[in-house]
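Me: I have not seen this structure before. Could you walk me through how to read its features?

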There are 2 protein chains.
Amino acid sequence: MICSSSLRLSGSGTGTRNSPSPPASSENSDESLSQVRRIKASPQLNRWSRARSIRSGRKLDRSAVSATVRTESRDKSGSPVRSELEIELPMSPKGDSRSGSSDDEKEINGGKPIFMVSDGTGWTAEHAVNAALGQFDYCLVDRVCPVNTHLFSGIDDVEKLMEIVKQAAKEGAMVVYTLAEPSMAQFAKQACQHWGVASSDILGPITEAIAGHLGVSPSGLSRWAPERQKSPLSEEYFRRIEAIEFTIKQDDGALPRNLHMADIVLTGVSRSGKTPLSIYLAQKGYKVANVPIVMNIDLPNTLFEVNPEKVFALTINPVVLQSIRRARAKTLGMDGELKTNYCDMDYVKEELEYAGKIFAQNPVWPVIEVTSKAIEETAVIVLRLYHDRKNRCSMPRISKRY
Amino acid sequence: MICSSSLRLSGSGTGTRNSPSPPASSENSDESLSQVRRIKASPQLNRWSRARSIRSGRKLDRSAVSATVRTESRDKSGSPVRSELEIELPMSPKGDSRSGSSDDEKEINGGKPIFMVSDGTGWTAEHAVNAALGQFDYCLVDRVCPVNTHLFSGIDDVEKLMEIVKQAAKEGAMVVYTLAEPSMAQFAKQACQHWGVASSDILGPITEAIAGHLGVSPSGLSRWAPERQKSPLSEEYFRRIEAIEFTIKQDDGALPRNLHMADIVLTGVSRSGKTPLSIYLAQKGYKVANVPIVMNIDLPNTLFEVNPEKVFALTINPVVLQSIRRARAKTLGMDGELKTNYCDMDYVKEELEYAGKIFAQNPVWPVIEVTSKAIEETAVIVLRLYHDRKNRCSMPRISKRY
C-alpha cells in the first residue's frame, strides 16, 4: 500500500524535514549520510488511503519502482549538506485511476485541473497561478476551456506529496508547487516526471536567485517548521491589525474627526469602490478612512483640513456606476420598492458632476478613474502616488524594508 | 540620452504591445516583419531622465551598443508570431552610477535592493518575493542582511523597462519581473544579462507550463492592455464586494440576527484575531461574521441555531493573549488609567477556560489554536476545513473554478 511503502530518508541538515537542526559545520555531513530513518506514516494519510481503498472496493496498487532523490542544500554557514531520499514509486497510477477514482475526485464539469501543492499556506502558488491564468482570459471566459484549481496546503512530508502527485496523474492534473525544503521540491519534480505529470516550481527559482543576490543560503525550512516559527507579535503584526481595525471603524465616513489619523483618505460618490479599496489597503498595513460624497450633504470640514497629499478622489463612468448601483439596490431588495433616485441616470450624472466640482476645488487630490479597474489595480495607483509623494524618487516606486 | 536612444520595434502579433491586434491567421506574419515603427518616448520617462541629469549635474551617457531581441510567440489560433526588437543598450551603467546616483536612489540603510518590475500591478511579484524572503528570515531578522524591495508597476514599454534595469545596475539591485508580453520579458532578460544584473522571471515559466497543460497559447497581453480589459462587473466582483461589506457590518458581533447569512462564523475571546481573520477571508469572497466571547455576557442564541459546520472557534495561549491585550490597551491609552481586568492574567485564563467550556459543548466546532500563526495561516486552516466539509474529498483541498 502506497502510504506504508518503504520510505527511507537518509542524510542530515536542512534538506530533511524530520532531521534535527543542521550541524554548525558540514564536516560530519558525509558521515551522517549513513543515518537512515523511517518516516512515520501520517494518520491523516492513512485515513485518506483507507477511505479511497474502501470506496474503490479494491486494494491499492502495490507494484512499485524505486527512485532515489539526491539533493545538496546548504546550512546557515553556507556549507553544503547532502540529503539522499530513497523511495518506492508505484507504477503507473494512471492505470488504476480509471477503475478506482471516486466520485468526489472526478472533474464533473470537465475543467482541466491544476493542483497547487505547498508546505505552507499555498497562497503564493495560488497567487501565481491566478496571475498566469490571466494570460488565458480569452479562453477561460464563459468556461470555453475551463480550469479548476485545487490547493493542497501544509504538505510537509514525502508520503502526502507522493499521494497528491499520484492523484494528479489519475485526474490528469498538472502540479504547481512551493516547497521550501530542497528534498521535497526535488521529490515533487522527480515524482511528476515519473508519472508523466506536468509540473512547475514557483518558489525554487526565485529563492535561488535571491540567495545568489544576497550571498546567503535559504534556510530550506517550511513555514510551519518549528525552527522558523516567528512570533506574530512583531511591530508589523500590530501595525497591520491596527490598520484593519482603524479602517473598519472609519468606513463610510463614520468618524470624520479621525481623518487626521489616517494614512490615506479616499473620497467619492456611493459605489465608486471606496470600501473594498480601503480594506485592501488596510490589509497592506495602511490606515484608511473614506468619506462619501452625497449631493446636498455637506462634507466634513476635516476633509479639507487634513494634508491634501493624503486624499485620493475616485471617479467612475456614469453608465457603469448606474449598473453597479442597480445591482446594489437589487441586493438590498430596494428595486421597485423604494422611491429613490439613487439609480436614476440624471441623478447619477449630476452627483458625479457635483463630486467633480469638489475635486476641481482641491487640485492636490489626484482623481483616479476606477471604471473597469480591479481593486488591486486601483490600489497600486494609490500606493504609487502615496509613496512617490512621500519619497520623491525620480522613478515612482513602492518601497518596503525587510 | 537613453530615453531617446534609437528604439526600433519590428514585427506583428501579440508579441508587441504597440502593434495592432494580432492577425487572425499567421500567414502574413513573415511579411509583416518588415514593418518598422518607432516607439514614442514617454513624457514621464523624459521627466525622470531630465531630473536625474539635472541633479547629477552632467549629461547622461550616450555611448551604446546595439542588441537585438527576437521572440516567437503565438497568436490565439496557436500560430507562431515572430517579433524582433532592435535596441541600443548603453554601455556599463555601473560606470556612471558611482558619480551620478542621486540621494533619493541610494540605499541609505544599506539594504540589498530587489527591484520588482511588472506590466500589471506587481502584486504577484511582490507576493513571490515576500514568500521567497521567508527563506532568509534567519538573516533578515534584526536586519542582519537587510533587504529593500522596490515595486515598479505598470511598466508597459521597453524604454521604461530599460531605464529600470539600468537603474538596477546602478543601485546593485536584482530584478524580478512579471511581464506578460514575451518581447518585454525577453528584453528584461537580455538587458539584465547585458548589464550584469541578476534577474528572475516569475510569470514566464508558470504561464508556459499552464499553456502546455491546457493546450492553448497565452495571450501575451498585459493587465492594462485594452484587448484584455475585463469588466469588473462580473459575478465574482460583486460577490467579493458583498462579502467585504457584509463582513464589515457583522464585525464584533454587531448583528447576531444575520449569522445565518454568513458563510463562516468565527468565535473566540477578545484579541484572538477574529477581526483580521474575518477581513482576510472576506477578501477571498467569503461572508464572515464574528461573535466575541466575553465572560458573563450571554452569547446570541443564533450562534447555536446556525449550521454548526460553519462555526470556527479560535483559541490562543494565555501569555500571548495577555501581551496582545496589553499592547491593545496601550494603543487605546487605557494602560494605567482604566481599572480593568482585561489584561489581568487570572482573568485572561478564566475567560479562555470559559470559552473552552462553550467549545466543548459544541463539539462540531473545530477549535483552532492561533498562537504564533499569521492571519493567512489560520485562514488556510479555516478554509481547508470549510471546503473539506462541503466537498468531502478524500484529500483536503481548497477548490476554485476558473
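Me: How much area is buried between chain A and chain B?

Reply: Keep in mind that this is a predicted model. The size of an interface is often given as the accessible area lost when the parts come together. Here the area buried between chain A and chain B is about 10900 Å², and carbon and sulfur atoms give 61% of that. In terms of contacts, 120 residues of chain A meet 120 residues of chain B. A:Trp123, A:Gln135 and A:Tyr402 supply 9% of the area that chain A buries against chain B, more than any other three residues.

Me: How many salt bridges and polar contacts cross the interface of chain A and chain B?

Reply: There are 16 salt bridges across this interface, while the count over all chains comes to 24. Residue pairs in polar contact across the interface number 44, with both partners at pLDDT 80 or more. Helix α4 of chain A (residues 123-133) contributes ten residues to the side of chain A that touches chain B, the largest share. That side of chain A divides into 59 nonpolar, 31 polar and 30 charged residues.

Me: Which residue forms a salt bridge with A:Lys400?

Reply: The partner is B:Glu126, and the closest N and O atoms are 3.9 Å apart. Another salt bridge pairs B:Glu376 with A:Arg240, at 3.5 Å from N to O. B:Glu376 sits in helix α14 of chain B and A:Arg240 in helix α9 of chain A (residues 235-250), so this pair joins two chains.

Me: At what angle do helix α10 and helix α14 of chain B cross?

Reply: Two packed helices are described by the angle between their axes and the distance between the axes. In chain B, the axes of helix α10 (residues 274-283) and helix α14 (residues 375-391) cross at roughly 65 degrees and come within 10 Å. The crossing is right-handed. On the α10(B) side the contact is made by B:Pro276, B:Leu277, B:Tyr280 and B:Leu281.

Definitions and conventions: Residues numbered from 1 in each chain as written. Chains lettered and ligands numbered in written order. Predicted model: local features only at pLDDT ≥ 70, side-chain atom pairs only at ≥ 80, totals over all residues. Heavy atoms only, no water. Axes fitted to C-alpha atoms, helices over the stretch in contact; angles between N-to-C directions. Helix = DSSP H or I, 4+ residues; strand = E, 2+ residues; numbered from the N terminus. Left-handed = near helix turned anticlockwise from the far one by under 90°. Contact = heavy atoms within 4.5 Å. Buried area = accessible area lost by both parts, 1.4 Å probe. Salt bridge = Lys/Arg side-chain N within 4 Å of Asp/Glu carboxyl O. Polar contact = N/O pair within 3.5 Å; in protein donor to acceptor, adjacent residues only side chain to side chain. Nonpolar A, V, L, I, M, F, W, Y, C, P; charged D, E, K, R; others polar.
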